[in-house]
Amino acid sequence: MTRLAHLGLGAFFRAHQAWYTERANALAPGDPAPAEQWRYTAFTGRSPELAAALTAAGNRYTLVERGAEGDESTQVTSIAASFAGDDTDAWTAAFCDPELAVVTVTVTEAGYDAATSPAPGRLLSGLAARRAAGGGPLALVSCDNLAGNGEVLHGAVVRLAEASDLDLARWIERKVTFPSTMVDRITPHSSDPLTVITEPFSEWVIAGDFPAGRPAWDAVGARFVDDVAPFERRKLWLLNAAHSTMTYLGLLRGFETIDQAWGDDEIRATVEQLWNEVRPVLGFEDAETDAALAALRPRFANPRIAHRLEQIARQGREKLAQRQRAIMAARLEAGLPAGDACRATIEAFDEIVKKGIARVD
Ligand SMILES: NC(=O)c1ccc[n+]([C@@H]2O[C@H](COP(=O)([O-])OP(=O)(O)OC[C@H]3O[C@@H](n4cnc5c(N)ncnc54)[C@H](O)[C@@H]3O)[C@@H](O)[C@H]2O)c1
Ligand SMILES: O=P(O)(O)OC[C@@H](O)[C@@H](O)[C@H](O)[C@H](O)CO
């Protein structure tokens, strides 16, 4: 089997974690692949289609890095096997494999609520099987856009274990780590299962232990830090909050993509105002914030990436809680007014819901 597993096989996992792993493997090339290479067993959240299409193609796919000027394509081979999320036998086998060292997770913001999402229960069943098989330690790594995503994942899994099997909960506390991560790479949904379009920019910041080892992600650009919280806040409040502002204001004006919304003078001014509202509560020096914003503007302007507002609009309530509402709370706590751009975004969201302009669930 493989030393890596992933839950939530989708576009982003293939543009990010699988791509970092591909490049880490390339540091130790060879044919046949040397044993030190790391490969994934990947599971979709639910549906079988993507797993079936990838399996039929030998689990190889093309990653297209789409810059404003042109494309660069890579064949990614770091996925060894793909399965539908409800393939219990394959899931149990992956977790019982003594070689398994890391499980990465991208199940969206809503995927951590055990009342509505199968993900926490599925992870718990995998861990239960691993324990029963006498398996060793493991890192469970959330790569979703959530503040404190490692703690959120830890809480979701351990609470569920405590409700059913206290011994299992204790085993998890001893054996399983939950690193936190900040992940960044704008990756629109793709209709072609064997081609993923993404932007050239990519960032991965990780804090936490990997008790059974990990790929050399740090050798290919991932940063390992003691505390990921400031990086998460910077990304969620500058990039993702701006995405929400452009999405809800843009949908009301009939735009379809981020670059169209960014091209609108009024929307761009609201985003710049949002960033002014974020700045005093971000905890970064002005020069660092300026550098982050200078990198962001051309990413939003990229006319070739076609990042659809409809995609970003989904799960809007959960996203606004992490973005505009969190910024407003931080401002109020700092004795500042809540912020007009944050408020305008929430009002636009409410209007979209009222008029049924886009799906936000
Ligand atoms: N796309 C990006 O630009 C990007 C960038 C950074 C982080 N992310 C994070 O990655 C997540 C996935 O993005 P994507 O572009 O791969 O989306 P995607 O729709 O291509 O894939 C999402 C995967 O999550 C599964 N899933 C969805 N809801 C679930 C639930 N409630 N429980 C369990 N599984 C569920 C789906 O079945 C699918 O396998 C985002 O929600 C975000 O948190 C995405
Ligand atoms: O992926 P989501 O659904 O959490 O949010 C939509 C976008 O804001 C997001 O995908 C960004 O493109 C991404 O976070 C950039 O790294």
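**Domains and ligand shells**

Modeller: In this predicted model, 15 residues of domain 1 are in contact with 19 residues of domain 2.
Biologist: What classes of residue does domain 1 have on the side that touches domain 2?
Modeller: That side of domain 1 has eight nonpolar, three polar and four charged residues.
Biologist: Where are the domain bounds?
Modeller: Domain 1 covers residues 4–227, and domain 2 covers residues 233–355. Their C-alpha centres are 28 Å apart.
Biologist: Turning to the ligands, why does ligand 2 lie between the domains?
Modeller: Ligand 2 lies between them because domain 1 and domain 2 both give residues to its shell.
Biologist: Which residues are around ligand 2?
Modeller: The shell consists of E109, N145, D184, R185, I186, L239, N240, H243 and I312. By class, three are nonpolar, three polar and three charged.
Biologist: And which helix gives the largest share of that shell?
Modeller: Helix 8, residues 229–252, gives the largest share, with three residues.
Biologist: Now ligand 1. How many residues are around it, and which come nearest?
Modeller: There are 25 residues around ligand 1, and those that come nearest are G10, F12, G45, T108 and D144.
Biologist: How does the shell of ligand 1 divide by class?
Modeller: The shell of ligand 1 has ten nonpolar, eleven polar and four charged residues.

Terms used
Residues are numbered from 1 along each chain as its sequence is written. Chains are lettered from A and ligands numbered from 1 in the order in which they are written. This is a predicted model: local features need pLDDT of at least 70, side-chain atom pairs count only at pLDDT 80 or more; totals for chains, interfaces and linings use all residues. A residue is near a molecule or strand if its C-beta atom, placed from the backbone, lies within 6 Å of it. Ala, Val, Leu, Ile, Met, Phe, Trp, Tyr, Cys and Pro count as nonpolar, Asp, Glu, Lys and Arg as charged, and the others, Gly among them, as polar. Helices (H or I, at least four residues) and strands (E, at least two) are DSSP runs, numbered from the N terminus. Domain bounds come from an automatic or database domain assignment. Two residues are in contact if their C-beta atoms, placed from the backbone, lie within 7 Å.
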